[in-house]
Amino acid sequence: MPQQVRGVIARAKGAPTELVTINIPDPGPGEAVVKISACGVCHTDLHYREGGIGDDFPYLLGHEAAGVVEAVGDGVRDLAPGDYVILNWRAVCGTCRACRRGRPWYCFATFNAEQKMTLEDGTELSPALGIGAFADKTLVHAGQCTKVDPAARPAAAGLLGCGVMAGLGAAINTGNVGRGDTVAVIGCGGVGSAAIAGARLAGASKIVAIDIDDRKLSKAKELGATDVINSSTGDPVEQLQALTGGFGADVAIEAVGRPETYRQAFYGRDLAGTVVLVGVPTPEMKLELPLLDVFGRGGALKSSWYGDCLPDRDFPMLIDLYLQGRLPLDAFVSEEIGIDGIEAAFDKMHRGDVLRSVVVW
Ligand SMILES: NC(=O)c1ccc[n+]([C@@H]2O[C@H](COP(=O)([O-])OP(=O)(O)OC[C@H]3O[C@@H](n4cnc5c(N)ncnc54)[C@H](O)[C@@H]3O)[C@@H](O)[C@H]2O)c1
Ligand SMILES: [Zn+2]
Ligand SMILES: [Zn+2]
């Protein structure tokens, strides 16, 4: 039976979000309906509301979620009602040119549900990142559901569904951080802090956290930073070099998404080092660099989408590490809020008061 539940939508560019009734169809072939247990508030939700991602209003917001499968459609294997899952936005297709070449984390044709959720008047909703989980229930493609150990608390587990995975993967997958590496992380919000935790997990021997907010830097220390630099007080590249024998970091991770911080990452890495851009720039931003420096310094300049993760490979493994006490996911949950607290959570995010506010049911 199609059902009606509550969901948080952005109706028009810049307008405050609204809690409304939405219609959820029964799952069709390959689809699943998931009852949401927790969903983190990510910067990307705010980008959607502000019209920075697209113009397909109204959006059903929310995409960092854990929940329990309620129903599955025809042809769904390996997923059943009652399964505890983290929702992902990389349900790989298996047949695009990236998948065929054995690089499914670059999949160019990821799956989403084909049917639409709607407003009461029938207006079709665009779910954020194909998920839409600021809702009692949501409709997704079955491949967007990754089963994990139900012992993991939903508020912490759901965060792997986006920002925390993006940061962990920027270090572990894209940056390929290894034992003994020196790592710099510029911007220590939810994403950058996760990159710090990822660098620690991968065995980095020195992890330098760089931010303009001392609150973020003290949190970064809790998560594994060995040194911190407040870049509002001087040139962070010089300070980073001073901390690394004059050389810079093997891997420099940019988690802000601005040209000036990208430049810091570019010049703050050692010769032949790796720059990873995980922060998302806006369309008007431009980067200018001497081409001779790009050539002469060698190494690799990479971008990281969703931490180059494969949800079915990475989520269960990371949840196991969390349950063993080796990955501090709880440290990212700054507060638990109700579904009516999202606008206030956006304000706290803007002021830098939180790593993550998480809606819990
Ligand atoms: N690539 C991906 O797959 C992916 C996924 C999720 C989010 N993101 C992006 O990652 C970025 C960070 O997200 P977040 O949730 O951590 O945001 P956030 O707002 O929580 O954190 C940003 C941090 O950067 C710091 N900062 C701001 N200006 C700075 C500067 N000039 N120098 C140093 N630090 C500075 C802030 O103090 C804050 O701690 C955003 O651009 C977001 O859109 C990317
Ligand atoms: Zn593919
Ligand atoms: Zn996100």
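This is a predicted model: local features need pLDDT of at least 70, side-chain atom pairs count only at pLDDT 80 or more; totals for chains, interfaces and linings use all residues.

Student: Okay. Which domains is the protein divided into?

Tutor: There are two: domain 1 covers 3–161 + 328–360, and domain 2 covers 168–304. Their centres, taken over C-alpha atoms, are separated by 29 Å.

Student: And how many residues does each one put into the contact?

Tutor: Domain 1 puts in seven residues and domain 2 puts in 11 residues. On the domain 1 side, that's four nonpolar, two polar and one charged.

Student: Where does ligand 1 lie relative to the domains?

Tutor: Between them, because domain 1 and domain 2 both give residues to the shell around ligand 1.

Student: Which residues come nearest to ligand 1?

Tutor: A166, G187, G189, V191 and G257, out of 31 residues around ligand 1.

Student: What's the shell like by class?

Tutor: It has 14 nonpolar, 13 polar and four charged residues.

Student: Which element gives the most to that shell?

Tutor: α5 does, with three residues. At least two residues each come from α1 (43–49), α4 (163–174), α5 (190–201) and β12 (206–211).

Student: α4 then. How many of its residues are buried?

Tutor: 12 of its 12, so to speak a helix that is mostly covered. A166, one of the residues that come nearest to ligand 1, is among the buried ones, as are G163, M165 and N173. After α4 comes N176, with a positive phi near 55°.

Student: Moving on to the core. Which residues have the most contacts inside the largest nonpolar core?

Tutor: A171, V183, A184, V185, A195, I196 and I253, in a core of 109 residues. α4 supplies the largest share of this core, seven residues. The core lies between the two domains, since domain 1 and domain 2 both give residues to it.

Student: What does A184 touch, leaving out residues up to four places away in sequence?

Tutor: V208, I210, L240, A249, A252, I253 and G268. Of those, A252 has a bridge partner in β15, namely V275. That pairing belongs to β14 (residues 249–254) and β15, which run parallel and are joined by five bridges.

Student: Is β15 enclosed or open?

Tutor: Largely enclosed by the rest of the structure, because seven of the nine residues of β15 (residues 269–277) are buried. A272 sits in that strand, yet A272 is exposed, with 10 other C-beta atoms within 10 Å. A272 also has a positive phi of about 65° although it is not a glycine.

Student: What covers the buried residues of α8?

Tutor: The cover includes β11 (182–186), α7 (236–243), β14 and β15. The buried residues of α8 (residues 259–268) are T261, Y262, Q264, A265, F266 and G268.

Student: Switching to sheets. In what order do the strands of the five-stranded open sheet come?

Tutor: β7-β2-β1-β4-β8, with mixed pairing. β7 (118–119) and β8 (126–127) stand at the edges with a single partner strand each, so one side of each has no neighbour in the sheet.

Student: How do β1 and β4 run?

Tutor: Antiparallel, with two bridges joining β1 (residues 3–10) to β4 (residues 59–60). I9 has L60 in β4 as its bridge partner.

Student: And F134, buried or exposed?

Tutor: F134 counts as buried, because it has 29 C-beta neighbours inside 10 Å. F134 is in the loop between β8 and β9 (137–141). Leaving aside neighbours within four places in sequence, its contacts include G7, V8, C39 and I339. F134 and H63 are 71 residues apart in sequence but 7.5 Å apart in space, C-alpha to C-alpha.

Student: What about D78, where is it?

Tutor: In the loop between β5 (64–72) and β6 (84–87). D78 counts as exposed, because it has 11 C-beta neighbours inside 10 Å.

Conventions. Residues are numbered from 1 along each chain as its sequence is written. Chains are lettered from A and ligands numbered from 1 in the order in which they are written. Two strands pair if DSSP finds at least two bridges between them. Helices (H or I, at least four residues) and strands (E, at least two) are DSSP runs, numbered from the N terminus. A residue is near a molecule or strand if its C-beta atom, placed from the backbone, lies within 6 Å of it. Ala, Val, Leu, Ile, Met, Phe, Trp, Tyr, Cys and Pro count as nonpolar, Asp, Glu, Lys and Arg as charged, and the others, Gly among them, as polar. Domain bounds come from an automatic or database domain assignment. A nonpolar core is a set of buried Ala, Val, Leu, Ile, Met, Phe, Trp, Tyr and Cys residues joined through C-beta atoms within 7 Å. A residue is buried if 20 or more other C-beta atoms lie within 10 Å of its own, exposed if 12 or fewer, and partly exposed in between; C-beta atoms are placed from the backbone. Two residues are in contact if their C-beta atoms, placed from the backbone, lie within 7 Å.
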